[in-house]
Amino acid sequence: MKAKSIKGKSTEEVKAALTQSMADGFKPTLAICFISVALDRMAVTAMLDAEKIAVFGCTTNGEFIDEEPEKSSAAILLLNMKKDHFKIYFEEYPDRNYREVSSAIAKKAKTKFTTPAFLIGTSNSSADGEEILRGIEDVAGQQVNAYGGAAGDDYGFKDTFVFTNGKDSSNAMVCLALDETKVEIKGIATCGWKAVGTEKIVTKSEGNHVYTVDDIPVLDITAKYGGLENVTPENDNLLLEIAANFPLQLQREKGDPLMRPGLQVDWTDRSFYTSGSVPQGSRVRFSLPPDFDVMEKVVKGVENLKATEMPEADALVVFSCAGRILSLGPLMSQELEGVKNVWNVPMAGMFSNGELGRATGGGLEMHNLTTCCVALKEK
């Protein structure tokens with residue numbers, strides 16, 4: 001399989017890059033598109049559709065095809081994968097029935113491929129990514145390879161979108177199903193944020209809706225811990241500050257902790273929604289702002305993936321949490337460069353509102369403040 005990465009800050013730039021990429025006879029069949037809400041994503045999709053290219057698309061909080069993060073642009077990974085080796089599904093979840101919707105998609109994929117693997121994009125910041133993964137596992141088993149991310153909206157935390165050929169929604173999932181007997185897919189989710197303080201108990205929660213920790217509204221205890229001021233609906237920077245610097249860390253019996261920052265506040269009771277479930281009675285800790293070894297841990301994790309499971313790759317897809325670039329700033333380029341250099345193949349990635357993948361020592365889970373790297377190789 002041949003792959004090429006293109007980018008552009010307008011529909012015209014993307015079209016020029018697409019034309020140039022195909023000038024040597026390259027005929028892509030699949031485009032993995034990470035596009036800012038500032039661009040006309042459906043115009044870009046229509047352009048790709050006209051070339052008979054299937055589209056897997058998410059809006060972003062930033063996008064990249066190399067070590068330089070971009071804003072208000074499109075980053076696209078073009079693949080000439082055989083059409084019989086993949087299928088794109090797109091379904092809304094208007095009733096918050098995430099598990100049911102993802103399970104139905106997995107059943108369709110299972111009838112097409114004996115061993116399907118999945119690349120997933122979700123929209124709506126209150127969507128429960130954990131339930132989406134459970135629905136896929138219900139059909140495909142707990143060892144299924146499934147990776148992805150939650151769409152962004154340039155840090156607006158209002159309307160995020162997923163899209164494909166002729167379809168676009170702020171309350172849906174887009175799913176690229178791959179025939180794993182024909183396409184090898186391996187991934188790793190790595191965080192590196194360190195915990196601080198004593199363990200606290202989640203005293204009231206439902207799924208990914210956290211109400212109280214130690215019987216205190218979760219927003220209030222987060223604000224108290226972080227020394228946050230102006231904790232009001234009028235503070236447009238509040239969610240950014242919570243997500244980047246003061247996420248909850250969900251402690252587990254085995255495997256790394258899971259990051260669970262608040263992504264959407266319910267001001268009626270000062271609760272918040274996270275991207276994945278936080279069971280009532282579970283133990284949580286707060287986090288320290290990151291330091292340099294956060295980046296080193298990600299690159300070493302990807303190097304180990306190459307050494308142990310995926311010696312060669314045709315292309316690389318990266319879902320990196322928006323909170324990482326907020327916390328790491330210009331240093332983020334070092335992490336992206338380190339990841340790209342592992343295989344040195346075409347790459348496209350986005351800064352997401354949440355990451356789907358398998359962490360070290362754990363199962364499939366929804367993560368935050370994490371980098372999820374997914375390597376692809378057609379057999």
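**Notebook: loops, sheets, a helix and cavities**

The model is a predicted one, in which local features need pLDDT of at least 70 and side-chain atom pairs count only at pLDDT 80 or more, while totals for chains, interfaces and linings use all residues. Residues are numbered from 1 along each chain as its sequence is written, and side-chain values use heavy atoms, with hydrogens and water left out.

**Entry on positive phi**

Asp215 sits in the loop between β14 (209–213) and β15 (216–217), and its phi is near 65 degrees, a positive value in a residue other than glycine. I note that most residues other than glycine have a negative phi. Strands here are DSSP runs of E with at least two residues, and helices are runs of H or I with at least four, numbered from the N terminus.

I then turned to Ser72, in the loop between β4 (63–64) and β5 (74–79), where phi is near 50 degrees, again positive in a residue other than glycine. Ser72 is partly exposed, with a relative accessible area of 34%.

**Entry on the sheet from β6 to β24**

I traced an open sheet of six strands in the order β6-β11-β7-β8-β23-β24, with mixed pairing, where two strands are taken to pair if DSSP finds at least two bridges between them. Its edge strands are β6 (86–92) and β24 (364–367), each of which pairs on one side only, and the twist averages 15 degrees from one strand to the next.

Within this sheet I followed β7 (residues 116–122), which pairs with β11 (residues 172–179) in the antiparallel sense over seven bridges; Phe118 has Ala177 of β11 as its bridge partner. β7 also pairs with β8, in the parallel sense over five bridges, and there Ile120 stands opposite Gly148 of β8.

How many residues of β8 are buried? Five of its five residues are buried, with Ala146, Gly148 and Ala150 on one side and Tyr147 and Gly149 on the other, so that both faces are covered.

For the helices I used axes that are lines fitted to C-alpha atoms, over the stretch in contact for a helix, with angles from 0 to 180 degrees between N-to-C directions; contact means heavy atoms within 4.5 Å. Helix α3 (residues 98–112) lies across β6, β7 and β11 and runs at about 160 degrees to β6. Helix α4 (residues 129–140) packs on the sheet too, touching β7, β8 (146–150), β11, β23 (354–358) and β24, and its direction makes about 165 degrees with that of β24.

**Entry on the sheet from β1 to β10**

I found six strands forming an open sheet in the order β1-β5-β2-β3-β9-β10, with mixed pairing. β1 (3–8) and β10 (167–169) are the edge strands, each pairing on one side only. Strand β2 (residues 30–35) pairs with β5 in the antiparallel sense over six bridges, and Ile35 has Ala74 of β5 as its bridge partner. Helix α1 (residues 11–21) lies across β1 and β5, at about 155 degrees to β1.

**Entry on α9**

Nine of the 12 residues of helix α9 (residues 332–343) are buried, so this helix is largely enclosed by the rest of the structure. Among the buried residues I listed Glu335, Lys340 and Trp343. The buried residues of α9 pack against β4, α7 (293–308), β21 (315–321), α8, β22 (347–352) and β25 (371–378). Just after α9, Asn344 takes a positive phi of about 55 degrees.

**Entry on cavities**

A search of the whole structure gave two cavities of 30 Å³ or more. A cavity is a set of points, on a 1 Å grid over the protein atoms alone, where a 1.4 Å probe fits but cannot get out, and its lining residues have an atom within 4 Å of a point; grid points are joined across faces, edges and corners, and a volume is the space filled by probe spheres set on the points.

The largest cavity holds about 70 Å³ of space. Of the 14 residues that line it, Phe157, Ala243, Cys321, Ala322 and Gly323 are the closest to its centre. The largest share of this lining, three residues, comes from α8.

The second largest cavity holds about 50 Å³, and its lining includes Thr122, Ala150 and Met366.

Note on methods. 1 Å grid on protein atoms, 1.4 Å probe; cavity = no way out; pocket = protein on both sides within 12 Å on 5 of 7 lines; lining within 4 Å. Buried < 20%, exposed > 50% of the residue type's maximum accessible area, 1.4 Å probe, protein only.
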